[in-house]
Amino acid sequence: MTIPPISDELRIALRCYAGPQFSELRAPVREGRRKQPLGASGWAIIFDTETTTGPDQALRFGTYQVRYRDALRESGIFYDPEGVSAAELATLQAYAAENDRTLLSRDAFVDDVFFRIGWQLRATIIGFNLPFDISRLAIAHGPARREMRGGFSFTLSRQKIYPHVQVKHLSRRAAFIRFAGVMGQLDARSARKRGTLKPHRAGHFVDVKTIASALLSRGFSLDTLGQFLGVENPKLAHDDFDGPIDDAMIRYAARDVQTTWECYVALRDRLASLNLSDLAPEKVYSEASIGKAYLRGIGIVPWQKSQPDFPTQRTAYIMSAYFGGRSEVRIRREICEVMLCDFLAMYPTVCTLMGLWRFAIAEGVTWTSSTAETRTFLANIDLDALQKKAVWPELATLVRVKPVGDIFPVRASYGGGAQHTIGANHLTSEPLWFTLADCITAKLLTGQTPEVVEAVTFAPGPVQTGLRAIDVNGNPAFRVDPQTDDFFKRVTELRQRTKQARDAAEGDARAVLNIEQNALKICANSTSYGVWMEVNVVRQPEKRAVTVKSAIGDPFSFRADKIEEPGPYFHPLIATLITSAARLMLAIGERLIGDHGLGWAFCDTDSLAIAKPSDLSRDTFHERVIKIVDWFAALNPYDFAGSILEIEEVNQSLETGEPEPLHCLAISSKRYALFNLGRDDRPILRKVSAHGLGHLLSPYQAGETNAGIPAPHPSVLGEGIAHWHCDLWYRIVSAALNGTLDRLSFANDTVMRRAALSRYAATSPDLLRWFNPYNSTRAYRDQVKPFNFMLAMSEAAQLNCEPVIGKRKRGRPRKVAKRRPVAPFDQDVAKAADHAFDRDTGLPVPVGHLKTYAETLAQYHLSPESKFLNGNFVDRGETLRRHVRATGVRLIGKESYDWERQALLGLNLDSEIAYDQPVDDLSTKLQSLIDQFGERTAAKALGIPVARVRKLAIASKGDSNTLATQVVAVRLPAALNLRVKLNRDRKTELEGLRVAVKRDGLRHTARRLGIDPSNLRRRLHS
């Protein structure tokens, strides 16, 4: 392969390792021994709240149950006196009397039930979406501190003897919830002297939504969860929440509590069946919680405890070689025929092939220099050698290479964006650390052997003592002995066996086996990757010094308020080897595809869409794909036959089950559609991506469909794919088939002209600050509160151009503040848009001033694949790998992947942790930014005052270690990239306006946008 000339000079990003500054390490202070927290008692409280439908979503009433050892002891209703009218209170009183329910005020419920039973008697407090319901009970809130920093501290009781409740959002499906400490001294002086302190009553909170998603690997509403579990009392239907409280609404609320309880019992029993004795329902936050419970059950001592003296500098080398899964598009914006192939359980499979279970159960790792051996190994490695299973355990090696056009994973800000993405590109740079698997990938794809500077091979230490056999899923037939069995291998084999039994079964037996195989899938996936690279970012109240170690220079001190804390089973060597071996699998597939004269449309972590050349017959294409699939059969490490690369079912006809031509339209990474062609050459969707759409709600009303688009097959829906996603892709694919993809517009679609809505919840103090202006003039009950369900919208383009009325005034025109529209959550999208208001002023925002789905998604089908050449907006055909010359290195921490959320909340330059060492020429670079964009724009991009920008621009080199200089050093590269991106977006917006004016005329376009034609003309010529 000929190495292409250098196409880009970029600053690349590498992971590093940051820990406490050495000077801050002190001898531990002897403290009293606080007793272990007491477990939950037999008591349980289940409750739910009903609220107003406005922005405040204030409590009206709620329902609850109190149970002891599952038996119902009390069932009741509570209400907020300020939230019900006299007539509604009478309705509640009458319903309670007729149905033998206790009726309490909010204060009485909080003091006599929530705290007396929930806190003092250590009850399990159960709800569905508990953060919302707890915040409805609150009478005040503030930011939480210490380890709960970034969360909220809620005041529920007016009695100071009761603690606050702290809630910290973790994800869409999970949150930490606990009771805070109480006022005053809990322990007597004699107890403090003896060092025997009372246990802290943190409480026992179980969010059914969280445990369901962890045990069942998918998200649920209470309605869908009840249906899935087949509970006796499913959720009732009710949609009139604006009206007065009546018996139907109270029955609905009471049923919600019963449904929640029955779902909890079913999930609790399912968790108990796993026989993970130390995993209480309140400690289940995700699938990883289950994986870690299995590792604890086996008795594995975490690597950081078994080998605390492992050199942190070597950890930094390992971290620098870590890259995530590979996701790329090769054939872009052109339809091609493909066969989709998928690797069987990619991460458990490479774990098994490499023997990584040995590292998991070892007393640490050892390492030896292996430079000469690695050079020889790389010189001799080829496809034939890689087909031998014995070679894969030898890949536990880290290699320092000097890339000269070699293909390696390159993390950089491609295309001027602030986000770092990873592309398999040609790289020329100073020596860097990569895994041996990545070096083999480079040789397979270029034909040249990377230049090895040094290499280190790792080996597991002796097996830990005290390891125990465990019954996976609590089934004695699924027993795994960690000393004789490879856990990853054994669990995958058990799952395969269970799937085969499921496929042969019928009725209830089939359903039971399906649950069992899904639990095995969770077990395999949660233990074979994520837990080994778990890093939690903890916000500190003030910046604190950490020592940053990297693969490119000496350690240095850096002050940060985001501290990275490794998870309990953090083992970066295992994680780095896993992902690099998965990339090697894809590289082998890519090489075999090329050797067989085929192409590929996209790859995504563990799948490959192999493309048929236009001049190749379909039969020959199928034969060659089967040969590629069969090549991987020799690498099958399991006790069942077959290849680890499989042809997916999506390649088979929906009607006959026989092979049917499958076509692909790929736009960018993780953004593609697979489809068949019907008899009328209309697309029949088989698989679509929702990437870039997940933050948007459906534009359809309940039960509504698009009459001009055929309904998608049920097999396409689910796993995050909604009906409207399919309809969007149907239009994109149809335009591509008709040759009008570049001219695709949604403007004529009535549904797409509706206001684009995104779900928003104030899940952190930072997000709640959105509403500071709105809340400042309102009583607490009327404010937007933590965890409120809201909808966020965007203001339509060009609305800052006000119509010219009367004589134009002299001087600089007054800047018109941009409106920030939001609305209370409502399933009816049209109704929600009608209630939009500016979150700063509280004033209504007309529907016509809101950005529509058509405008929001206008460039969805043009999304660039910036990490490659020929990947710009309107480019089509095969993308080409860039050749990057590394001009420098940016050291980063845990990477941020929440860009859909950031598209809603606004780009945050600090969303990714960066540890940039201050540079001497900062003043020069800052002055360059000022010269290009001006002081005000530079200050805004950097998030600092204009005066500070001026001072830093003329600062001497001696000031380079100040905190302000460090902040600017971190933000400056992203600020430059962001401004370039904004300029490009502005240019694209103007081009779109010019096209609209050319097509529809100036006046018609201005009228459609709701602005004055003269303002539009000036805008076009700006």
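The charged end of R839 sits over the ring of W770, 3.8 Å from its centre. For a charge to count as sitting over a ring, NZ of Lys or CZ of Arg has to be within 6 Å of the ring centre and within 35 degrees of the ring normal. K785 also passes that test: it lies over the face of Y780, at 5.9 Å from the ring centre.

A quick word on what you're looking at: this is a predicted model, where local features need pLDDT of at least 70 and side-chain atom pairs count only at pLDDT 80 or more, while totals for chains, interfaces and linings use all residues. Residues are numbered from 1 along each chain as its sequence is written, and side-chain values use heavy atoms, with hydrogens and water left out.

**Aromatic pairs**

A pair of aromatic rings is described by the distance of the centres and the angle of the planes. Here, rings of Phe, Tyr and Trp (the six-membered ring for Trp) pair if their centres lie within 6.5 Å; planes under 30 degrees apart are stacked, over 60 edge-to-face, and the rest tilted. Searching the whole structure turns up 44 aromatic pairs. One of them is W261 with Y264, a tilted pair at 5.6 Å centre to centre and 35° between the planes. Both residues lie in helix α7 (residues 247-273), three residues apart, about one turn of the helix. Helices and strands here are DSSP runs numbered from the N terminus (H or I with at least four residues for helices, E with at least two for strands). W261 and Y264 are both buried, where buried means under 20% relative accessible area, exposed means over 50%, and partly exposed is in between (1.4 Å probe, protein chains only).

Back to W770, then, for a stacked pair: Y760 and W770 are 4.6 Å apart centre to centre, with 5° between the planes. This one links distant parts of the chain, with Y760 in strand β34 (residues 758-761) and W770 in the loop between α21 (765-768) and α22 (772-775), 10 residues apart. Y760 is buried because its relative accessible area is 3%, and W770 counts as buried too, at 13%.

Ring pairs also build a cluster out of F47, Y64, F78, F109, F114, F115, W119, Y162, F179 and F205. F47 comes up again in strand β4, which gets its own section below.

**Salt bridges**

Side chains of opposite charge can pair when their charged atoms come close. The rule used is a side-chain nitrogen of Lys or Arg within 4 Å of a carboxyl oxygen of Asp or Glu, and by it the count comes to 38 salt bridges. Three of them are in the table.

| Salt bridge | N to O distance |
|---|---|
| R497 and D639 | 3.2 Å |
| R539 and D766 | 3.6 Å |
| D840 and R820 | 2.9 Å |

R497 forms its salt bridge with D639. R497 lies in helix α16 (residues 487-504) and D639 in the loop between α19 (618-631) and β30 (645-647), so the pair ties together parts that are 142 residues apart in sequence. R497 is partly exposed, at 41% relative accessibility.

R539 and D766 meet in a salt bridge as well. That pair links distant parts of the chain, from R539 in strand β26 (residues 535-549) to D766 in helix α21, 227 residues apart. R539 is partly exposed at 30% relative accessible area, and D766 is partly exposed at 41%.

**Strand β4**

How many of the nine residues of strand β4 are buried? Nine of the nine are, so β4 (residues 43-51) is largely enclosed by the rest of the structure. In a regular strand the side chains alternate between the two faces of the sheet. Both faces of β4 are covered, with W43, I45, F47, T49 and T51 buried on one side and A44, I46, D48 and E50 buried on the other.

Strands pair if DSSP finds at least two bridges between them. Nine bridges join β4 to strand β5 (residues 59-68), and the two run antiparallel. Three bridges join β4 to strand β8 (residues 124-127), this time running parallel. I46 stands opposite Q65 in β5 and opposite I126 in β8.
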